[in-house]
Amino acid sequence: IRAGPELEIPGFDCEDHFNEIDTVRHSWEVLTEILRNDITCGMICCFGMPVQHTSVLYNCVVVCLDQEILLIRPKLTLADSGNYREGRWFTPWEDIYKLEDYVLPQIVTDIKGQKICKIGTAIIE
């Protein structure tokens, strides 16, 4: 398993740039480049990035294997004390039992034809 840090694709310090849709789009573009090569072949890889779902922005981990996305896992609790202001940009995933379909961007679909993955909380076996 390869587990990267939180928001590793755009960088944690994007701050108000998280409010710009380009930050989300560029994060998908970077993930697409990662999926295009064989980095995820035979190994579960986790990448941190913002994901917009039903017009809401979440701080997520995207779990990949064999050039496909297995799961998008949003944070349940945001850091909003001390120097942290995640709630300024992101919304917590509130229902720990909710798992929904997520329609992937076309640039991801173009890699292997995957159109949908799950977003929410789940166990991957």
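This is a predicted model: local features need pLDDT of at least 70, side-chain atom pairs count only at pLDDT 80 or more; totals for chains, interfaces and linings use all residues.
Okay, let's start with a question: which residues do ring pairs link into a cluster? They are F18, W89 and F90.

When we talk about a pair of them, we give the distance of the centres and the angle of the planes. This structure holds five aromatic pairs, and I'd like to walk you through two of them.

Take W28 and Y102. Their ring centres are 6.0 Å apart and the planes sit at 15°. Planes under 30 degrees apart count as stacked, so that's what we call this pair. Now find the two residues along the chain. W28 is in helix α1, which covers residues 21-36, while Y102 is in strand β5, residues 99-103. That's 74 residues apart, so the pair links distant parts of the chain. And are these two buried or exposed? W28 is buried, with a relative accessible area of 4%, and Y102 is buried too, at 6%.

Next up, Y58 and W93. Here the centres are 5.2 Å apart with 65° between the planes, and that makes an edge-to-face pair. Again, distant parts of the chain get linked: Y58 belongs to strand β3 (residues 56-65), and W93 is in the loop between β4 (68-74) and β5, 35 residues apart. Both Y58 and W93 are buried.

One more thing about W93, and then I'm done. What lies over its face? Have a look at K98: this lysine is over the face of the W93 ring, at 4.7 Å from the ring centre.

Methods: Residues are numbered from 1 along each chain as its sequence is written. Side-chain values use heavy atoms; hydrogens and water are left out. Rings of Phe, Tyr and Trp (its six-membered ring) pair if their centres lie within 6.5 Å; planes under 30 degrees apart count as stacked, over 60 as edge-to-face and the rest as tilted. Helices (H or I, at least four residues) and strands (E, at least two) are DSSP runs, numbered from the N terminus. Buried means under 20% relative accessible area, exposed over 50%, partly exposed in between (1.4 Å probe, protein chains only). A charge sits over a ring if NZ of Lys or CZ of Arg is within 6 Å of the ring centre and within 35 degrees of the ring normal.
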